[in-house]
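Let's take a friendly walk through this model together. Have the sequence and the 3D view at hand as you read.

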Amino acid sequence: MGGLFISFEGIDGAGKSTHITALAQAFEAQGRVVVRTREPGGTPLAETLRKLVLNEAMDALTESLLVFAARRDHIALVIAPALARDQVVLCDRFSDATFAYQGSGRGFDWDTLGMLEQWVQGSGPTHDLGLASAGLLQPQLTLWFDLPAPVAAQRLAGARVPDKFESQPEAFFEQVASGYARRMAQQPHRFAQINANQDPDAVWHEVLRVVKAKGFLA
Ligand code: TMP
């Protein structure tokens, strides 16, 4: 069977959460053990770092170092052990978010982010965690919930007190979306672009179709 690692991406307000829950239930219904987690976060230390990243002003390099530090802890304590036990890891955001938000959103250098990604997800560090993966640890599938920035802004308006990223202007999210498009162009084999600008039922059917087409669900 083997472990399965799926990540969920998109700009704030794209509506990932309900579909992560539904997908977890679909895997459980087929007898799989599911670990549902998120980034930044997923461990006590990473959740502490999340509060800093989402609430404190800092430059983009500091932000990148903190999200990758959180990711290291999360991979070591949650993701690698779950994959080694052949479980299904459903992760609300992973390193594509760093390229999209810190890289394209905040304009930080993608090559530097690529080096940090090697440090944290490279075969050396993951081998030390008992993962016999060749190359970089990446999700087998990344579902990118693609939604026009103005629609996302409308959905977010008044929903809750916005954090540092949610209160960014629409132009920021246009840049973040272009970052996701760039990542998808670089690694098309693991990306699926989901049209999130439809009613939730239609989005769910698209999600299910992609996961089944990959052979991950019967
Ligand atoms: P969430 O609200 O979807 O849980 O995501 C938390 C916020 O953190 C979201 O605005 C995106 C941002 N973020 C980054 O800026 N860089 C990252 O690497 C990750 C994982 C999230």
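Serine 95 is found in helix 4, which covers residues 95–105. Please keep in mind that this is a predicted model. Is serine 95 buried or exposed? Its relative accessible area is 0%, and because buried means under 20%, serine 95 counts as buried. Leaving aside residues up to four places away in sequence, serine 95 touches Glu9, Phe68, Arg71, Glu117, Gln121, Gln138 and Arg183.

Next, have a look at strand 4, residues 141–146. Five of the six residues in strand 4 are buried, so the strand is mostly covered. Strand 4 pairs with strand 1 and also with strand 5, as the table shows.

| Strand pair | Sense | Bridges |
|---|---|---|
| Strand 1 (residues 4–9) and strand 4 | parallel | four bridges |
| Strand 4 and strand 5 (residues 191–195) | parallel | five bridges |

Which residue of strand 4 is the bridge partner of serine 7? That partner is threonine 142.

Now to the helices. Helix 1 (residues 17–29) packs with helix 9 (residues 200–213) at an angle of about 45 degrees, and their axes are 11 Å apart. That angle makes helix 1 oblique to helix 9. The crossing of helix 1 past helix 9 is right-handed. From helix 1, the contact uses His19, Ala22, Leu23, Ala26 and Phe27, while helix 9 brings Pro200, Val203, Trp204, Val207 and Val211. By class, the residues of this contact between helix 1 and helix 9 are nine nonpolar, one polar and no charged.

The other pair is helix 2 (residues 44–55) with helix 3 (residues 60–84), whose axes come within 8 Å and cross at roughly 160 degrees. How do helix 2 and helix 3 lie to each other, roughly parallel or roughly antiparallel? Angles over 145 degrees count as roughly antiparallel, and helix 2 and helix 3 are therefore roughly antiparallel to each other. Helix 2 passes helix 3 in a left-handed crossing. Here Leu45, Ala46, Leu49 and Val53 of helix 2 meet Glu63, Leu66, Val67, Ala69, Ala70 and Asp73 of helix 3. The contact of helix 2 with helix 3 divides into eight nonpolar, no polar and two charged residues.

Terms used:
Residues numbered from 1 in each chain as written. Predicted model: local features only at pLDDT ≥ 70, side-chain atom pairs only at ≥ 80, totals over all residues. Heavy atoms only, no water. Axes fitted to C-alpha atoms, helices over the stretch in contact; angles between N-to-C directions. Helix = DSSP H or I, 4+ residues; strand = E, 2+ residues; numbered from the N terminus. Parallel < 35°, antiparallel > 145°, perpendicular 65-115°, else oblique. Left-handed = near helix turned anticlockwise from the far one by under 90°. Contact = heavy atoms within 4.5 Å. Nonpolar A, V, L, I, M, F, W, Y, C, P; charged D, E, K, R; others polar. Buried < 20%, exposed > 50% of the residue type's maximum accessible area, 1.4 Å probe, protein only. Pairing = 2+ DSSP bridges.
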